[in-house]
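Student: I would like to learn how to read the features of a protein model one at a time, beginning with the general idea and then turning to the case at hand. Could we work through the one shown here?

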Amino acid sequence: MSSESKTFPFPIPTSITGGCLCGSVRYRVTFPPDHDFLRFSQTCQCTQCRKQTGSLFFAEHVIAPASTAFTLTNKENPTLKHYSTSPKAYRWFCSNCGSFLYWQPLDNEKDYICLAVGSIDQVYLVGGENDEGVPKEGYGLALVGGGGEHLFCQNEIKGVTDDIPLLGRKRGTRVMDGGESA
């Protein structure tokens, strides 16, 4: 664990792995020591995130800087594809199984990705044993605690998504409303 773990009220990982449903696309994230797990744990309720995930809100974790923290571990993979959903972003997915993995801004000056938390390996979200059979603690609260921004709240569904405990707010309060979705 990073020396920064004492600043968070929950255990934090130094690295995680994940990938798509069929296993064709695999990745590793190595968190910098100053990674802000609270701020980078976010949700989005934009129409594109809903349609991409098939869920009422998208749980994401911002990985920055992506150029050094995020690595595809099977780089020769022809199934990793992207789709330009807007003039602002690409959404990356496995063309074999359809798993949505992350979205990325098209602006090269913005060195981050928004990782689909559901694509993170279960052992890092809920705990269990790693590949060597060693018990491992889950880091779900650090990765998807909802402490960061909540995007496109104008798309909340009254009585359904406006009072979700994960979003950490009371009904009717909005943390951030966006313009054009990614």
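Student: How many aromatic pairs does the count come to?

Tutor: Please keep in mind throughout that this is a predicted model. In general, a pair of aromatic rings is described by the distance of the centres and the angle of the planes. Rings of Phe, Tyr and Trp pair here if their centres lie within 6.5 Å, and by this rule the count comes to seven aromatic pairs. One of them joins Phe-58 and Phe-100, whose ring centres are 5.3 Å apart with the planes at 45 degrees, so this pair is tilted. Phe-58 belongs to strand S4 (residues 58-63) and Phe-100 to strand S8 (residues 100-105), so the contact ties together parts that are 42 residues apart in sequence.

Student: Are Phe-58 and Phe-100 buried or exposed?

Tutor: Buried means under 20% relative accessible area. Phe-58 is buried because its relative accessible area is 3%, and Phe-100, with a relative accessible area of 10%, is buried as well.

Student: Which residues do ring pairs link into a cluster?

Tutor: The cluster consists of Tyr-27, Phe-70, Tyr-90, Trp-92 and Tyr-102, linked by ring pairs.

Student: Strand S8 has come up in both of those pairs, so how is S8 placed, and which strands does S8 pair with?

Tutor: Five of the six residues of S8 are buried, so this strand is largely enclosed by the rest of the structure. S7 and S8 pair in the antiparallel sense over five bridges, and within that pairing Phe-93 has Phe-100 in S8 as its bridge partner. The two strands form a hairpin with five residues between them, and Gly-98 in the turn has a positive phi of about 85 degrees. S8 is also joined to S9 by two bridges, again running antiparallel, with Tyr-102 standing opposite Leu-115 in S9.

Student: In what order do the strands of the open sheet lie?

Tutor: Three strands form this open sheet, in the order S1-S2-S5, and the pairing is antiparallel. The edge strands are S1 and S5, each of which pairs on one side only, and the twist averages 20 degrees from one strand to the next. Strand S1 (residues 15-19) and S2 pair over five bridges, with Ile-16 opposite Val-29 in S2. S1 and S2 also make a hairpin, with six residues between them, and Gly-23 in the turn has a positive phi of about 85 degrees. Between S2 and strand S5 (residues 70-72) there are three bridges; Arg-28 stands opposite Thr-71 in S5, while the bridge partner of Tyr-27 in S5 is Leu-72.

Student: Which residues of S2 are on the covered face, and which are on the uncovered one?

Tutor: In strand S2 (residues 26-30), Tyr-27 and Val-29 make up the covered face, whereas Arg-26, Arg-28 and Thr-30 make up the uncovered one.

Student: How should I read a salt bridge, and how many does a search of the whole structure find?

Tutor: Side chains of opposite charge can pair when their charged atoms come close. A search of the whole structure finds one salt bridge, in which the side chains of Asp-121 and Arg-26 meet at 2.6 Å, N to O. The pair links distant parts of the chain, with Asp-121 in the loop between strand S9 (113-116) and helix H4 (122-125) and Arg-26 in strand S2, 95 residues apart. Asp-121 is buried, with a relative accessible area of 19%, whereas Arg-26, at 27% relative accessibility, counts as partly exposed.

Student: Which residues form a nonpolar patch on the surface?

Tutor: Leu-56, Ile-157 and Val-160 form such a patch, and together they have about 220 Å² of accessible area. Ile-157 is found in the segment after strand S12 (150-151), and this residue counts as partly exposed because its relative accessibility is 31%.

Note on methods. Residues are numbered from 1 along each chain as its sequence is written. This is a predicted model: local features need pLDDT of at least 70, side-chain atom pairs count only at pLDDT 80 or more; totals for chains, interfaces and linings use all residues. Side-chain values use heavy atoms; hydrogens and water are left out. Patches are made of residues with over 30% relative accessible area and no salt bridge: like charges are joined within 9 Å, nonpolar side chains (Val, Leu, Ile, Met, Phe, Trp, Tyr) within 5 Å. Accessible areas come from the Shrake-Rupley method with a 1.4 Å probe; for residues, only the protein chains shown count as cover. A salt bridge is a side-chain nitrogen of Lys or Arg within 4 Å of a carboxyl oxygen of Asp or Glu. Helices (H or I, at least four residues) and strands (E, at least two) are DSSP runs, numbered from the N terminus. Buried means under 20% relative accessible area, exposed over 50%, partly exposed in between (1.4 Å probe, protein chains only). Two strands pair if DSSP finds at least two bridges between them. Rings of Phe, Tyr and Trp (its six-membered ring) pair if their centres lie within 6.5 Å; planes under 30 degrees apart count as stacked, over 60 as edge-to-face and the rest as tilted. Axes are lines fitted to C-alpha atoms, for helices over the stretch in contact, and angles run from 0 to 180 degrees between N-to-C directions.
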